[in-house]
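Please keep the sequence and the model in view while reading.

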Amino acid sequence: MSAATHPPSPSSSSFTAMGSIDALSNTMHTDEPVELILLGTGTSSTLPHVDCLTRPPTAKQCRACTATLRPDGRKNKRGNTSAVLRVRGRDGEPKTIVIDVGKSFMQSAVEWFPKYGLRQIDAVLITHGHADAMNGLDDLRGWTLGGAIQPHVDIYLTEETFESVKIAFPYLVQKEFATGGGDVPEFRWHFIADRQPFEIEGTGIMVRPFAVPHGFCGAKRMKPAAILPDHGAPVFENSSSPWSSGLPGTPVATGVSTPTQEEFLCLGFIVQDAVTYMSDVSRIPPDVMDLLQSHRTPVLILDCLYLKPHKSHLSLQQSVEYARLLGAQRTYLVGFSHEVAHEEYETLLKAVGGRQIPPAEMSEAVERGLATLDLQGERIWIRPGYDGLRVFVSADGRAMEAAEF
Ligand SMILES: [Zn+2]
Ligand SMILES: [Zn+2]
């Protein structure tokens with residue numbers, strides 16, 4: 001098939017409909033180890049903030065952002081949430097799968113691709129149509145212009161997210177809209193859907209996508225009826241209100257009567273039954289919990305924005321409670337704001353595992369975080385993720401960080 005030059009349609013050579021689990025069950029390579037690298041672990045704003053680095057010395061200083069100026073504070077430097085999974089394909093060669101290419105993707109790639117020997121990208125999975133998940137699509141020209149690394153990049157996304165791409169980057173889906181030299185990346189678009197497991201084309205690598213609420217918006221971005229069938233889950237309305245402007249994730253107060261808000265949906269992924277990735281989620285509906293509990297993975301990557309609840313993301317307390325229910329060997333939280341520094345999150349999360357907190361680590365943020373947590377609950381292994389963290393899941397399902405070898 002040639003690379004995409006037109007918007008995909010079922011008849012287009014650039015479009016690939018995803019198969020069913022039955023068709024794929026014979027191709028699963030569950031006996032292969034999986035390598036996970038976190039490319040980014042920060043909120044949409046990324047860390048550090050310019051504001052925090054340029055404050056006058058007399059103003060209150062931000063612990064997380066100023067720490068990035070010191071070598072020992074490097075883990076506070078966080079790009080948009082993104083990850084790489086490296087798995088051996090059917091042909092015996094390692095395949096590189098990138099989840100999300102947001103605003104800071106190129107910065108992350110420049111830093112971590114050379115360090116970890118990454119080069120060719122065999123697939124990009126997009127979780128949803130927000131800037132911190134897809135605005136780096138344009139940067140993939142660095143891979144395909146002049147066939148620098150590869151002739152095209154395979155992108156896996158929902159039809160609804162593809163609509164967001166079309167609005168944000170018309171020239172990426174239709175070259176007629178390109179201006180200047182027309183130096184745009186070459187893509188093959190693959191449509192995927194909630195609860196429809198698929199294979200990364202030709203590799204035998206298996207991905208199970210699942211949709212979870214990620215805050216609210218007025219515009220209809222996915223088909224809720226297909227997402228939450230017959231589980232007594234919340235009923236969504238196909239609003240035709242003025243909020244349905246077609247612009248993704250940008251509800252605007254209109255001054256007219258308030259319409260019913262729909263939940264904005266974002267994909268999570270289970271890759272090779274080794275890693276569950278859920279970077280943008282505000283709640284996990286019961287039927288998704290059922291799915292995740294029946295496909296428990298050794299490693300869980302889970303959203304956590306603030307200590308307090310937020311309408312689009314999980315709070316620390318919510319993340320810990322979900323992690324207890326999902327029972328991964330290792331849970332890493334991602335998506336942090338600068339409210340709490342990395343070492344403070346480590347202190348808080350080790351306490352969830354039963355560690356006594358030394359007085360020297362009892363900062364104001366740790367105290368506030370502790371006040372939200374139930375330390376009498378089940379003790380689990382849970383840590384803050386950081387950019388560049390590398391974790392392996394062995395063929396027999398044991399999770400280890402690279403430093404533990
Ligand atoms: Zn800051
Ligand atoms: Zn988002």
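A residue is called buried if 20 or more other C-beta atoms lie within 10 Å of its own, exposed if 12 or fewer do, and partly exposed in between.

## Confidence in the model

The structure is a predicted model. Its chain has a mean pLDDT of 85, and 81% of the residues reach 70 or more. Over residues 1-30 the pLDDT stays under 50, and the model has 57 contacts beyond four places in sequence for them. The pLDDT is also below 50 over residues 219-259, a stretch with 62 contacts in the model beyond near neighbours in sequence.

## The seven-stranded sheet

An open sheet is formed by seven strands in the order β8-β9-β10-β11-β12-β13-β14, with mixed pairing. The strands β8 (198-200) and β14 (382-384) each have a single partner strand and stand at the edges, so one side of each is left without a neighbour in the sheet. On average, neighbouring strands of this sheet are turned by 30 degrees against each other, direction ignored. Strands of a sheet pair through backbone hydrogen bonds, in either the parallel or the antiparallel sense.

Both senses can be followed along this sheet. β8 and β9 (residues 205-217) run antiparallel and are joined by three bridges; the bridge partner of Ile-200 in β9 is Ile-205. Three bridges also join β10 to β11, and these two strands run antiparallel, with Val-271 opposite Val-275 in β11. By contrast, β11 pairs with β12 in the parallel sense over four bridges, and Met-278 has Leu-302 as its bridge partner in β12.

In a regular strand the side chains alternate between the two faces of the sheet. In β11, Val-275 and Tyr-277 point one way, while Thr-276 and Met-278 point the other way; all of these are buried.

## The β10-β11 hairpin

β10 and β11 form a hairpin with three residues between them. Most residues other than glycine have a negative phi.

Gln-272 is buried because 23 other C-beta atoms lie within 10 Å. Asp-273 has 17 other C-beta atoms within 10 Å and is therefore partly exposed.

## A buried histidine and a cis proline

His-313 is found in the loop between β12 (299-303) and α11 (316-326). Is this residue buried or exposed? His-313 is buried, because 23 other C-beta atoms lie within 10 Å. Setting aside residues up to four places away in sequence, His-313 touches Asp-280, Ser-282, Asp-303, Leu-305 and Gly-335. One of these, Asp-303, is ten residues from His-313 in sequence, and the two are 6.6 Å apart in space, C-alpha to C-alpha.

Another loop, between β2 (34-40) and α2 (50-53), holds Pro-48. Most peptide bonds are trans. The bond from Leu-47 to Pro-48, however, is cis, with omega near 5 degrees.

## Helices and their packing

Helix α11 lies across β12, β13 (330-334) and β14, and runs at about 155 degrees to β12. In helix α7 (residues 159-168), the buried residues are Glu-160, Thr-161, Phe-162, Ser-164 and Val-165. Their cover includes α5 (131-134), β6 (153-157), α8 (170-173) and β7 (187-191).

Helices α12 (residues 342-352) and α13 (residues 364-372) have axes that come within 10 Å and cross at roughly 35 degrees. This crossing of α12 and α13 is right-handed. On the α12 side the contact is made by Glu-344, Thr-347 and Leu-348, and on the α13 side by Ala-365, Val-366, Gly-369 and Leu-370. The residues of this contact divide into four nonpolar, two polar and one charged. An α-helix has 3.6 residues a turn, so residues three or four places apart point the same way.

Technical notes. Residues are numbered from 1 along each chain as its sequence is written. Chains are lettered from A and ligands numbered from 1 in the order in which they are written. This is a predicted model: local features need pLDDT of at least 70, side-chain atom pairs count only at pLDDT 80 or more; totals for chains, interfaces and linings use all residues. Axes are lines fitted to C-alpha atoms, for helices over the stretch in contact, and angles run from 0 to 180 degrees between N-to-C directions. A crossing is left-handed if the near helix is turned anticlockwise from the far one by less than a right angle, and right-handed if clockwise. Two residues are in contact if their C-beta atoms, placed from the backbone, lie within 7 Å. Ala, Val, Leu, Ile, Met, Phe, Trp, Tyr, Cys and Pro count as nonpolar, Asp, Glu, Lys and Arg as charged, and the others, Gly among them, as polar. pLDDT is the predictor's confidence in each residue, from 0 to 100. Two strands pair if DSSP finds at least two bridges between them.
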